[in-house]
Amino acid sequence: MRRDQLEHAIRAACQIIDRPEVIVVGSQSILGSYPGDQLPASATMSIEVDILPIADSNEETARLADLIEGVAGEFSSFEHLHGFSIDGVDLDTAVLPGGWRDRLVRVQNASTAAPAGEPRFTGWCLDKEDCCAAKLCAFREKDQHFVAALLDAGPVHADVIATRLHTVSSRQLPATEGALAWLAARSAP
């Protein structure tokens with residue numbers, strides 16, 4: 001995925017649900033912090049963008065996520081035409097560190113605007129270390145490779161990720177313990 005595709009996804013998702021802003025929570029939220037050419041290729045391999053609609057309740061968020069998925073999800077004509085899909089997600093999709101909303105990275109520019117130039121839609125991308133913390137809580141092999149590539153390339157820092165993992169809800173203790181153990185093993189000499 002490229003930054004221009006992320007911007008297109010933000011614009012399309014906002015238009016589909018008729019909302020001015022959305023949150024990007026998946027791995028491609030890293031493109032909010034860095035242009036793709038500054039990232040390892042394995043960090044931008046995904047051809048899907050996980051979009052969390054902003055709504056007053058998780059039920060409404062889920063309804064809007066379903067709308068996005070129906071129009072632009074995997075195997076849709078949108079994916080066929082543009083080469084990537086948009087996955088609508090709700091608040092239960094990702095395990096996120098405390099305070100994550102305060103660290104969101106704003107993506108808003110001419111490329112996120114409607115064809116007439118207005119409105120300019122906004123995508124709020126996870127902070128780079130919050131993204132990595134969420135990926136390590138999911139702990140799939142692809143998530144581990146994603147975080148390892150970013151750690152090796154240098155745009156994220158293990159100590160910041162570890163600090164963020166300590167702020168994840170205690171209900172997610174097994175996930176955070178596994179993530180912290182993985183980080184410690186990577187840092188061991």
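1. How many cavities of 30 Å³ or more does the structure hold? The structure, which is a predicted model in which local features need pLDDT of at least 70, side-chain atom pairs count only at pLDDT 80 or more, and totals for chains, interfaces and linings use all residues, holds one such cavity. Residues are numbered from 1 along each chain as its sequence is written, and side-chain values use heavy atoms, with hydrogens and water left out.

2. The largest cavity has a volume of about 40 Å³, and its lining is made up of V25, L52, D90, L91, T93, A94 and L96. A cavity is here a set of points, on a 1 Å grid over the protein atoms alone, where a 1.4 Å probe fits but cannot get out, whereas a pocket is an open set with protein on both sides within 12 Å along at least five of seven lines; lining residues have an atom within 4 Å of a point. Grid points are joined across faces, edges and corners, and a volume is the space filled by probe spheres set on the points. By class, the cavity lining has five nonpolar, one polar and one charged residues, where Ala, Val, Leu, Ile, Met, Phe, Trp, Tyr, Cys and Pro count as nonpolar, Asp, Glu, Lys and Arg as charged, and the others, Gly among them, as polar.

3. V25, one of the residues that line the cavity, is found in the loop between strand 1 (21-24) and strand 2; helices (H or I, at least four residues) and strands (E, at least two) are DSSP runs, numbered from the N terminus. V25 counts as buried at 8% relative accessibility, where buried means under 20% relative accessible area, exposed over 50%, and partly exposed in between (1.4 Å probe, protein chains only). Leaving aside neighbours within four places in sequence, V25 is in contact (heavy atoms within 4.5 Å) with D50, L52, V89 and L126. The C-alpha atoms of V25 and L91 are separated by 9.8 Å, although the two residues are 66 residues apart along the chain.

4. The largest pocket has a volume of about 510 Å³, and among its 25 lining residues the closest to its centre are S27, K135, R140, K142 and D143. Strand 2 (48-53), helix 4 (128-138) and helix 5 (141-153) are the elements that give two or more residues to this lining, which divides into 11 nonpolar, eight polar and six charged residues.

5. The second largest pocket has a volume of about 210 Å³, and its lining includes L91, A94 and L96, residues that also line the largest cavity. The lining of this second pocket divides into six nonpolar, three polar and two charged residues.

6. Helix 4 is largely enclosed by the rest of the structure, because 10 of its 11 residues are buried. At the N-terminal end the helix is capped by D127, a side-chain oxygen of which lies 3.0 Å from the backbone nitrogen of E129, while just after the helix F139 takes a positive phi of about 60°.

7. Not counting residues up to four places away in sequence, E129 touches P155, V156, H157, V160, I161 and R164. D130 is buried at a relative accessible area of 0% and, with neighbours within four places in sequence left aside, is in contact with P97, W100, R103 and R164.

8. The structure holds one aromatic pair. The rings of F78 and F84 have their centres 5.4 Å apart and their planes at 90°, so the pair is edge-to-face; rings of Phe, Tyr and Trp (its six-membered ring) pair if their centres lie within 6.5 Å, and planes under 30 degrees apart count as stacked, over 60 as edge-to-face and the rest as tilted. F78 is buried, with a relative accessible area of 12%, and F84 counts as buried at 2%.

Note on methods: Polar contact = N/O pair within 3.5 Å; in protein donor to acceptor, adjacent residues only side chain to side chain.
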